[in-house]
Amino acid sequence: AHLQHGHAAWMPMGRGHAMPEVTATELREPEGRRKYLFNLVVSLNTHRDRTLLKNILAEMPAVGNWSSFVHYTKHWSPKYDPHHNYLAPEQWKQVLLQSVFTLVPSGKNQECFRMWEALEAGSIPIVVNHLQPQCGDSWVPFREPASPIVFLDRWEDLPAFLRNSTASGPAGTKAGRGAVPGLSQRLALLRQWYPGFRSRHYTKLLNLLLRAFSSRATATATE
């Protein structure tokens, strides 16, 4: 969000307009109900990392008894339309609600709706900690000390991270997936952290805009 005198402020994207709102009741579901260890739902043509990640997942062995949800489209489209092989918005929301982690490869920009939609649904985003020249470091606001977001150095590190994340507990849910204390703690931390994170940054942006408009109105009144 560009303000006067050359100053700029980060404007949080929030979830995409098509995604249904996640209710408080849906977020109160026990963490053990999440049946996917991770999801990846992307169009492949917007960044080379997406094809790289597809190839990594194709060669990655299963992680314990966990399942995953992976869905690709060849080309990005502004229409969330089954004719473009897109998931329906409600189906996408349910995938997020059932996923411990959401893989968030870069698209045209580093930050994308997928990051915010995962956070809204209580699914932990996993990103790669590299920069896109046109964006600078878009991850700065997300690197708060208490942030539960996972930053990898490269996507090739993903298989080891997933194995290590699920190694601390035995299978214990009805579906036979890992009831891993570490994962439950990560999910609980996300639910505690995200509302405050969102509120802080939305309020900061609102205050900046109000000050900018107030200064302009004052300057106009004194002319």
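Which residue stands opposite Ile124 in strand 4? In this predicted model, the residue opposite Ile124 is Phe101.

Of its 223 residues, 43% count as buried. Among contacts with a separation of 6 or more, 72% link residues 24 or more positions apart. The accessible surface amounts to about 12,200 Å², and carbon and sulfur atoms account for 55% of that area.

Strand 4 (124-128) pairs with strand 3 in the parallel sense through three bridges. Strand 4 also runs parallel to strand 5, to which three bridges join it; here Ile126 has Val150 as its bridge partner in strand 5. In a regular strand the side chains alternate between the two faces of the sheet. In strand 4, Ile124, Ile126 and Val128 point one way, whereas Pro125 and Val127 point the other way, and all are buried. Because five of the five residues of strand 4 are buried, this strand is largely enclosed by the rest of the structure.

The buried residues of helix 2 are Asp49, Arg50, Leu53, Ile56 and Leu57. They cover an arc of only 120° around the axis, which places them on the same side of helix 2. On the face turned away from that buried side, helix 2 carries the exposed residues Arg48, Ala58 and Glu59. The packing partners of its buried residues are strand 1 (36-43), strand 2 (67-73), strand 3 (99-103), helix 4 (113-120) and helix 5 (158-165).

In soluble globular proteins, nonpolar side chains tend to be buried together. The largest nonpolar core here has 38 residues, and those with the most contacts inside it are Phe101, Leu103, Met115, Ile126, Trp155, Leu158 and Leu162. At least two residues of this core come from each of strand 1, helix 2, strand 3, helix 4, strand 4, strand 5 (150-152), helix 5 and helix 6 (181-222). Helix 6 contributes the most, with six residues. Apart from this core lies another, of 12 residues, including Tyr36, Leu87, Trp92 and Val95.

Methods. Residues are numbered from 1 along each chain as its sequence is written. This is a predicted model: local features need pLDDT of at least 70, side-chain atom pairs count only at pLDDT 80 or more; totals for chains, interfaces and linings use all residues. Side-chain values use heavy atoms; hydrogens and water are left out. Buried means under 20% relative accessible area, exposed over 50%, partly exposed in between (1.4 Å probe, protein chains only). Helices (H or I, at least four residues) and strands (E, at least two) are DSSP runs, numbered from the N terminus. The arc is that of the directions from the helix axis to the C-beta atoms. Contact means heavy atoms within 4.5 Å. Accessible areas come from the Shrake-Rupley method with a 1.4 Å probe; for residues, only the protein chains shown count as cover. A nonpolar core is a set of buried Ala, Val, Leu, Ile, Met, Phe, Trp, Tyr and Cys residues joined through side-chain atoms within 4.5 Å. Two strands pair if DSSP finds at least two bridges between them.
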